[in-house]
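Colleague: I would be grateful for a close look at a single part of this model, the interface between the two chains. Please describe how the copies meet and what the contact is made of.

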Number of protein chains: 2
Amino acid sequence: MNTFGISHIRTAAERLRGHVVRTPLLESAMLNARAACRLLVKAEPLQRTGSFKFRGALNKLLSMDEATRRRGVVAFSAGNHGHAVAAAAHAVGCPAVIVLPDSAARIKVECCRWWGAEIVIYDPKKEDRAEVARAVAEPRGMTLVSPFDDLDVMAGQGTCGLEMCEQLNEINVRPDAVLVNCSGGGLSSGVTEAVKHSFPDVEVYIVEPVGYEKMARSLASGLPEKNSSVPQTILDGISGPVAGALPLEVLRRHRVKGLSVSDAQALGAMSAGFRYLKLVIEPGGAAALAAVLSEKASFAGRNVAVIASGGNVDADIFARALSLD
Amino acid sequence: MNTFGISHIRTAAERLRGHVVRTPLLESAMLNARAACRLLVKAEPLQRTGSFKFRGALNKLLSMDEATRRRGVVAFSAGNHGHAVAAAAHAVGCPAVIVLPDSAARIKVECCRWWGAEIVIYDPKKEDRAEVARAVAEPRGMTLVSPFDDLDVMAGQGTCGLEMCEQLNEINVRPDAVLVNCSGGGLSSGVTEAVKHSFPDVEVYIVEPVGYEKMARSLASGLPEKNSSVPQTILDGISGPVAGALPLEVLRRHRVKGLSVSDAQALGAMSAGFRYLKLVIEPGGAAALAAVLSEKASFAGRNVAVIASGGNVDADIFARALSLD
């Protein structure tokens, strides 16, 4: 592969300028006191479609040549990636097909349909989603958009890290540690590349659901590992089945370390987000914040930046977090 | 009085630069569709202390001469103003006394105390809060900080409107209407002055709790009117007893119009804030958004900017809004 680098991310940032939200880097004195460190929170729930995924999806679409783009894109995702690809396709005016399991929440189906995407429903007990997607894509010459294992997607997600570095520099804060939620690794690889370029000495941590640390195991083995069972967790945004090969290479090169959090810790972080930041964060989007608040490593007295990566959470789950407040 | 004007607000903006958050102007395509207009939401829950009140409080403190400031400030407020004065006093290193009724929620007492403010509790059945505050302030030479009837406070709140105009210009949107939550009028007067300077043809609306439209009545009578009874409403942030004389003069000069919303409409807007903007908005902070969503005036097809003015809401009230989702 071409080595993934800061120039990919800078090119993505140029392409995305004016099309994505420059989400704020939030801070709360009371939250700092609770966390016993200086905590800066990148607020990606405020991104279009409610998560960072829009950055990567739009960068991918804008990177394609005109003829290819006009034939359209396919994504399989019951969550933020599907929603983001549907919205990005709408933004550039090309067709999109989103492949969803028949178990997908109606609200998520509606979000994809809202943007004008075509929905294909499959039975996960009988069909393989990748095969269903290929069967749709090939006859129509559509391009499959990976949620993470794609350099243009990784570069798009990396713009979140690039912005965060600019924002840290604006307030003259040099981070000691950066924590990023991780599933396939699209966000964490892009962000790591960006922050290590600006702050070579920063320690980067990925955060996964406890018991389902596929990327931490991949970092140890050097090969993309899978979760052997379907994760029983509310951290649905970071409970995908497999670690990405391209992201893994980036994360290993930068010697990223792994942490993990429980559902209860994520709910506690969502409650803190509500109370101190006035931000709606979804469970998987709150994992990095949860890792700091539950002192998964020694962050005391340090400058710590975390990415709150998404805010698409059902009201009943958010109410569970509030009941902890 | 000196006529309140854009130069007051610009001076305040210079003073506050780097000390307040430049809160984002949020937009959601789905929310636009629901509102049937282009809706831009200024996200002041993301301001320090969780509301716009920090702007006015800090501007007031920074406007005082050094000797006066060193003697300290007094505020009477069970809500966002007290919290903001306590935090602003902490920021400039001067003493603060916050006068609170014995009925004040413990969380609000704790917030003021957290910033190092001295707390004086009074019995609202037997004592007048203004007299209690004066009795504290006079012997110590402390300055009483009005929540709204003060040009420096109004100018500080106006910086929220100034920023919003800059942000609208950045995205090339000329607003047809601006809606601002209103109690005493500190925020609405400052914002009106700022937006009318940038966009002379814009229509400005204040939004109050239905049945307690003291400012709308003041606009009609030309005198600061009171609410004759204690408002029975969850819109506590905009249910103060009296309209401010200085704000009233500004609002009348600009021919501002009044709208009002119910508790249920505010809860609906909070639910929309959760779902579409990923923003925690308190009931009184959601009134302007509620007025647009409940079509209190004809906003269809127009560019409408609203200020979501605060996010300090108890978990149980927020859960009520979520249950509508």
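Modeller: In this predicted model, 100% of the interface residues of chain B are also interface residues in chain A, so the copies meet through the same surface. The contact draws 28 residues from chain B and 28 residues from chain A. Together the two chains bury about 2,200 Å², and carbon and sulfur atoms account for 78% of that area. On the side of chain B, B:Met30, B:Phe274 and B:Lys278 supply 30% of the area buried against chain A, more than any other three residues.

Between chain B and chain A the count of salt bridges is zero, whereas six residue pairs are in polar contact across the interface, both residues of each pair being at pLDDT 80 or more. The elements of chain B that give two or more residues to the side touching chain A are α2 (29-35), α6 (106-114), α12 (263-277) and α14 (315-322). Of these, α14(B) gives the most, with four residues. By residue class, this side of chain B divides into 20 nonpolar, four polar and four charged residues.

Although no salt bridge is counted between chain B and chain A, the whole structure holds 28 salt bridges over all chains. One of them joins the side chains of A:Glu163 and A:Arg55, at 2.9 Å from N to O. A:Glu163 belongs to helix α8 (residues 151-170) of chain A and A:Arg55 to helix α3 (residues 53-63) of chain A, so this pair ties together parts that are 108 residues apart in sequence. Both partners are buried: the relative accessible area is 10% for A:Glu163 and 0% for A:Arg55.

A further salt bridge, in chain B, links the side chains of B:Glu66 and B:Arg69 at 2.8 Å, N to O. These two residues lie in helix α4 (residues 66-71) of chain B, three residues apart, about one turn of the helix. B:Glu66 is partly exposed at 42% relative accessibility, while B:Arg69 counts as buried at 15%. In chain A, salt bridges that share partners join A:Lys42, A:Glu44, A:Arg55 and A:Glu163 into one network.

Technical notes. Residues are numbered from 1 along each chain as its sequence is written. Chains are lettered from A and ligands numbered from 1 in the order in which they are written. This is a predicted model: local features need pLDDT of at least 70, side-chain atom pairs count only at pLDDT 80 or more; totals for chains, interfaces and linings use all residues. Side-chain values use heavy atoms; hydrogens and water are left out. Contact means heavy atoms within 4.5 Å. Buried area is the accessible area (1.4 Å probe) that two parts lose on being put together, summed over both. A salt bridge is a side-chain nitrogen of Lys or Arg within 4 Å of a carboxyl oxygen of Asp or Glu. A polar contact is a pair of N or O atoms within 3.5 Å; within protein, one must be able to donate a hydrogen and the other to accept it, and residues adjacent in sequence count only if both atoms are side-chain atoms. Ala, Val, Leu, Ile, Met, Phe, Trp, Tyr, Cys and Pro count as nonpolar, Asp, Glu, Lys and Arg as charged, and the others, Gly among them, as polar. Buried means under 20% relative accessible area, exposed over 50%, partly exposed in between (1.4 Å probe, protein chains only).
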